[in-house]
Structure formats: C-alpha cells, structure tokens
Amino acid sequence: MVKIALISCGTEYSGIQKEIEKAATTFGSEIVIPEIDLDYIEEAYAKFGFPAQSSSLKLMIARTMSIIEGKSKADAVFIATCFRCAEGALVRNEVRRFIQKNSRIPVVTYSFTERTKADELFIRMEALTTSVARRSILAREKQEGLTLGVDSGSTTTKVVLMENNKVIGTGWTSTKDIIESVSKASEEAFEGTGYSLDDVDGIGTTGYGRLTIGKNMKAELVQEELSVNAKGAVYLAGHQKGDATVLDIGGMDNKVITVNDGIPDNFTMGGICAGASGRFLDMTARRLDVDITELGPLAMKGDYKKAMLNSYCIVFGIQDLVTTLAAGGSKEDVAAAACHSVSEQVYEQQLQEIDIREPLIQVGGTSLITGLVKAVSETLGGIDVKVPEYSQHIGAVGSALLVSGMGKRQENR
Amino acid sequence: MVKVAIFPPNSLILADLIERKGHEVLTLQKAVRKKVKDPDIDSPPMNLTEEDPIKGLKYAAIEVPSGVRGRMSLIGPLIEEAEAAIIVDNAPFGFGCIGCARTNELSIFYLRKRGVPTLEVKYPNTQDETTDMVNKINTFLDSLPKSNSKDLNQESFVIPGDNKSKVTKNG
C-alpha cells in the first residue's frame, strides 16, 4: 500500500480529515502522519529557517524535515493548508520546494476550505498514487512502436496515432455518444496511415470518458488527465526535465498543472464562470461572424483597451462587446478584449492559486488562438508562453506516449 | 467558584492551577471531548465537520481561513462562558497550543474584549520567573469570588505591589 504522508496545518479543524483519508483509500493508498519528538520541532525549524508564527506550520516544517532526514517513512507527500492563509501558502510552497530539491518523493499541494470533499481530491490522490506505484510509466520519455491515444473529453474527443516517437495521424470530433465519437475520431486518425486498429501495440485512454472507453477498447492504460496532460505537454514542448507549468483553457473547464521532471505536483481545475473559458471566445467569434480559427489573428491586430468590457459574465460580457461594436469599435479590438478578458479571469481565479514556474506550456484547443496566448503572456508580465505542435491533442498524445511499452497486442497475436 | 478561560486554551498546567483553587476551568479538551463523544458524528479524529467552521463565522468572517473558524467554533463558546481569564503570552507549544497564530490573536482579543477580570503574564524563562508567575496566578485566583459571580464587579482581583503583570477588567 502506498503511504501518503499528510503534512498540514490542521485539516482536522476544518472538518475535512475524513475526506482526505477517503480520497486516499479509494486509490489504494493510506494517509500517514509523520510522528516526531517535541524537541525535534525546534531543531528542524531552526535548520529550515522560515520564521513561521503558527506552531502548526513549524510542525509542518519539522514533519517535512523528518521525511527528508529519513526519520519518518513516506512514499508520497500531500501538503495542505487553509485557503486564504498567506503564511500557510508561503510555508506550503517552501516545504514543497524543499522536498523536491532534496528527494524524489512525489508531492501534491492543496489549499482547502471546509467545503473540500473527497471527490475533489480523487484526481490528486490518483495522480499521487500513480506517481509512486506506476512511476515507471511516467518516466517514459520516448514513444515506441504503434500506439493509439484517446482523450474522451467533455466537449471534444481527440485521438492520436503515434509510431516510433512521431504523430502519424490525428482525429478530432465533438463529443456526443462517447463510443461513437471515439470511433469517428479514430477513423480520422487512421486515415491515410495504412494502419487499422488491429495493428496497434497498445491503447491508452484519458478524459472524462476514459473508464467506459478503456473498458470498451480493452485499453492497456486508463489514466486521469492530470498525469497524462502534464506528461504530454512536456513531451511535446521538449521540456521533460526541470520545472514547468501547463495551462489548458478548455471549452468548459480550465486546468493549470505544475510539473517537476515530467511529474505533476500541483494543479487547479476551474472555473467558476463560463466567461473564463473557451466557450466565451467561441461566442465572441460567432458574434463577430468569423470562424473560431480567425479569432486569434484578428485579436493580434487589435487593442483590448479600446473595447469596453466591464463584465466577466459570459452574457453581460457579450453584451458589452456588442455595445462596443454598435459604437463603431473595430472587430479587432473586440477580439483582443475577449482574449484579454478570458486570460485575466483565468489568472485571477486559478493562476494566482499556483506557484507558476517557467516555461508556461499552453495546450488544448484554445492554445491555437494566438490572441489568447499573447493575452496570457501579457497578463503574466510578458513571460514566454510555449505552444507545442499538436497542443490541441495533448491528452491523446500523452496517452499514446504513456501506453508505449505496455501494449503487447502484436506479440500476443 | 467562577468559570476561568485560559490562553493557551489547552494548557494542562493552567488547568491544574485553576482547579486546585476550586474554580472551573474552561479548557479546549472539554469542548473536544463533547464532540468526540457525540455518537451521531463520524469524522475522526475530533469529530469536527464542515458545519463547525460555518459555526465559526460567528467569530470570524467568511474570508478568514476555515482552520481559524473551525478552531474558533470550539474556543469561541468557551470565551463567551468565561467569568475570568488568564492569558500566558509567548508560551512555547509544549505549554499548550492550538497551532494557528491567527486563532491565537483572535482568541486573545476576544478574551480582552470580554470584560471579565483578566490576568496577563509572560511565559517565564527562569526558575524565579516561574515561581513568580505561579504566585501571580494563585493570587489572581484567590481574588476571584468563591461562590457567586456578582462579586466580579469588585476591584478585588488587583495583585498588590505588582507592576509587571497586567490585571485588567476590560470591556
């Protein structure tokens, strides 16, 4: 059983201890609390050097130190502090950095409220358990043989066929009946390659429909999108070593994942409002009577400051843009304002919760909207934003990469 | 006998001193015990649930972290019940602690605001200071009424000849 050390400032006082334990046991892991002597707290705290006022944060530091010094045993670490606590957030990040600098133990961080439920933690615990029990899979840096990756997402289904470290076929369709959508996208991916489903060595699935599709296709790998997207992004960006942040602004939800050596260590998933999603850009494109593929280049020519956008709500946001157009504003400025609005909201609702590490790798369908990529870079103070090739197929590429070496279909035949 | 709130709220030494003088001590352990013994709740280790930080909204607003509100849901009612209070400043965590600096600040503030006889002493660093602190606490406890809380309005809790510790009746 994978032992996950809980390092927190007091999850029991927020009434969520049981939820954390439930999430861990669901994926075959066990929560353990590193036991330490009272005297060791001061010793470890002095060594660490962070002048925390709260004694539970000193305890967090000492528990961390006890793992690094081998006094306590843990396969993985889950670091949690209260949402909105500045001191807690500082210690949470420093403790996470300390573990990553001094060990290979996988870490996931989280800021909780009393509303935190086990199912919100599932994907984190699954990813954490994967990074321990299936670390060899995440260590894969090169795709070999012929593999199929399927990303059965809530809005679109993506399929990628890879052969010897190259993408040789892609398929993309909107998700309706999930099995039919995968069949359609798979046909597209195989088209012109000379291969069929019978030729592949292995199949990997991810996304909301991964379990159903995995069962249906007898997939060798069924994996949550956190590990898969993070791995796919650093693989495509050629940045498999060191730190990175992966940003996926989706049609319905957004993901921000921080990665260390290709292994995810923290992420947030949102959002609260559709105004911070790809859906808002889709609606803007329709209102401007341009194809979504034209929105990015249009936005690149505009100035967001010239278009009024006072509301972050998708309905009132569109209304503001219409008002700007009616007042003689240009399509370019409106497109730029829409991209800027989405980028600002993602920053305010999600990116602020995370310790952004460069490079930022933007993936997903919206990463093809150049105006949005520019807006993200500007919002983050002009940092370099990488958009790798096949970024819109990220989950499928990640699945095809990770299943490589696991599938023995041809040998079995 | 009066009900005496303490800070740190789980200090066993303070609790012992108060009980020896025949007063009722309001400790965190008693509040936790009530929660733990509730057979209808299954949320180990302390049986705090999502509802408790929400109850803590009485003491701290929604933008205050859930851990502070959860702690205050236990400590707040103890402070409300207090007829006297003893605050030990700068105590190490071995003396008693609730782990959160923000909760400490809020608890001390509420104790001071409560308007009951309150003794504030600094945690001692030497043998002499320790003896001095215990004497001050005992003198303060002796000054509190033995039978009813009406006498609390009298200025009977002032420690004679003491300039270092703070004995107040805030409000």
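Let's start with the open sheet in chain A: 4 strands in the order 2-1-3-4, paired in parallel. Strands here are DSSP runs of E with at least two residues, helices are runs of H or I with at least four, and both are numbered from the N terminus. Two strands count as paired if DSSP finds at least two bridges between them. Strand 2 (29-32) and strand 4 (107-112) of chain A sit at the edges with a single partner strand each, so one side of each has no neighbour in the sheet. On average, neighbouring strands of this sheet are turned by 25° against each other, ignoring direction. As background, strands of a sheet pair through backbone hydrogen bonds, either parallel or antiparallel.

Before going further, a word on what you're looking at: this is a predicted model, where local features need pLDDT of at least 70, side-chain atom pairs count only at pLDDT 80 or more, and totals for chains, interfaces and linings use all residues. Residues are numbered from 1 along each chain as its sequence is written, while chains are lettered from A and ligands numbered from 1 in the order in which they are written.

Back in the sheet, strand 1 (residues 2-8) of chain A pairs with strand 3 (residues 76-82) of chain A in the parallel sense over 5 bridges. To find one of them, look at A:Ala5, whose bridge partner in strand 3 of chain A is A:Val77. Helix 4 (residues 86-102) of chain A packs on this sheet and touches strand 1, strand 3 and strand 4 of chain A. Its direction makes about 165° with that of strand 3 of chain A. Such angles run from 0 to 180 degrees between N-to-C directions, with axes fitted as lines to C-alpha atoms, for helices over the stretch in contact. Contact itself means that the C-beta atoms of two residues, placed from the backbone, lie within 7 Å.

Now for a helix pair. Helix 2 (residues 38-48) and helix 3 (residues 55-68) of chain A pack at about 85°, with their axes 8 Å apart. That makes the two helices roughly perpendicular to each other, a label for angles of 65 to 115 degrees. Among the residues that meet are A:Tyr40, A:Ile41 and A:Phe48 from helix 2 of chain A, and A:Leu59, A:Ile61 and A:Met65 from helix 3 of chain A. By class, this contact has 9 nonpolar, 1 polar and 2 charged residues. Here Ala, Val, Leu, Ile, Met, Phe, Trp, Tyr, Cys and Pro count as nonpolar, Asp, Glu, Lys and Arg as charged, and the others, Gly among them, as polar.

Next, the two chains together. Their contact takes 23 residues from chain A and 22 residues from chain B. Helix 3 of chain A gives the most to chain A's side, with 3 residues. That side divides into 8 nonpolar, 9 polar and 6 charged residues.

Over in chain B there are 6 helices and 5 strands, running β-α-β-α-α-α-β-α-β-α-β from the N terminus on. Of its 171 residues, 42% are buried, meaning that 20 or more other C-beta atoms lie within 10 Å of a residue's own, with C-beta atoms placed from the backbone. Strand 3 (residues 84-89) of chain B has 5 of its 6 residues buried, so the rest of the structure largely encloses it. This strand 3 of chain B pairs in the parallel sense with strand 1 (residues 3-7) of chain B over 4 bridges, and B:Ala5 stands opposite B:Ala85. Strand 3 of chain B also pairs in the parallel sense with strand 4 (residues 117-122) of chain B, over 5 bridges; there, B:Asp89 stands opposite B:Lys122.

Technical notes
Angles under 35 degrees count as roughly parallel, over 145 as roughly antiparallel, 65 to 115 as roughly perpendicular and the rest as oblique. A residue is buried if 20 or more other C-beta atoms lie within 10 Å of its own, exposed if 12 or fewer, and partly exposed in between; C-beta atoms are placed from the backbone.
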